[in-house]
Amino acid sequence: MAKVEVTPLRSWQDFFPGSERFCKPDVNDLTRWGNRVVSNLLYYQTNYIAIALVAFIAVGCLNTEGMFAAMALGSAIFLGSVWAAENQDFMGSLKRVNPVVFGIGLTVTSYILLCMLGSIMWFLSAISLPLALILAHASYRLRNMKNKMEYKIEAVGLKRSPMGHLLLALGQQEEKLMKIQNYLEEKLKD
């Protein structure tokens with residue numbers, strides 16, 4: 001298996017060359033649109049990470065206190081849900097034995113979540129804005145020859161990148177990899 005390589009930061013002229021290299025995706029051909037998005041995600045991944053960081057920081061600067069509060073709350077909810085899942089017996093017995101304590105805890109937790117709703121919305125916008133920008137660019141940016149080659153190299157497995165691992169984990173390249181693997185196996189048998 002190939003080692004993980006981070007792709008270089010693409011130049012601004014390559015990343016945003018002008019209106020002639022952008023085109024509305026064909027929504028009737030979802031396979032072609034999906035290939036365009038995956039190719040662009042693989043080729044421009046370092047640029048996309050930079051855009052995501054800039055957008056996240058920009059939104060975070062608008063409401064810094066709320067962002068940190070929402071991140072802390074999100075972490076607490078995650079850790080609390082993991083703890084509750086591992087201690088289901090404790091939660092069930094608390095609910096049966098002390099329903100008042102359980103009800104008060106649930107009410108306090110709900111109140112904190114409602115008070116933090118504004119901060120949570122800032123945090124969600126700080127996450128969704130970069131994702132929307134990345135998806136828009138990946139959908140509208142036409143592929144070039146380098147882009148297509150990068151996609152093929154990644155699909156065959158000669159090179160692995162962080163975005164390639166993420167797409168593989170999401171199942172976006174599995175069937176393409178299986179087709180290529182089956183083709184290579186058939187050629188090796190002949």
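## How to read the model

Residues are numbered from 1 along each chain as its sequence is written, and side-chain values use heavy atoms, with hydrogens and water left out. Because the model is predicted, local features need pLDDT of at least 70 and side-chain atom pairs count only at pLDDT 80 or more, while totals for chains, interfaces and linings use all residues.

## The overall picture

Let's start with the whole chain. The protein has ten helices and zero strands; here helices (H or I, at least four residues) and strands (E, at least two) are DSSP runs, numbered from the N terminus.

Of the 190 residues, 27% count as buried, meaning under 20% relative accessible area with a 1.4 Å probe and protein chains only, where exposed is over 50% and partly exposed lies in between. The accessible surface comes to about 12,800 Å², and 68% of this belongs to carbon and sulfur atoms; such areas come from the Shrake-Rupley method with a 1.4 Å probe, and for residues only the protein chains shown count as cover.

## A look at helix α4

Helix α4 covers residues 64-86, which makes 23 residues.

Within α4, Gly66, Met67, Ala70 and Leu73 are buried. Their cover includes α3 (45-62), α6 (99-115) and α7 (117-140). An α-helix has 3.6 residues a turn, so residues three or four places apart point the same way.

## The largest pocket

A pocket is an open set of points on a 1 Å grid over the protein atoms alone, where a 1.4 Å probe fits, with protein on both sides within 12 Å along at least five of seven lines; lining residues have an atom within 4 Å of a point.

The lining holds 14 residues, and Gly80, Ala84, Met91, Leu106 and Thr109 lie nearest the centre of the pocket. Two or more lining residues come from each of α4, α5 (88-97) and α6.

## Leucine 167

Leucine 167 sits in helix α9 (residues 162-169). Is leucine 167 buried or exposed? Leucine 167 is buried, with a relative accessible area of 5%. Leucine 42 is 125 residues from leucine 167 in sequence, and their C-alpha atoms are 8.9 Å apart in space.

How values were computed
The expected span of a helix is 1.5 Å times one less than its number of residues. Contact means heavy atoms within 4.5 Å.
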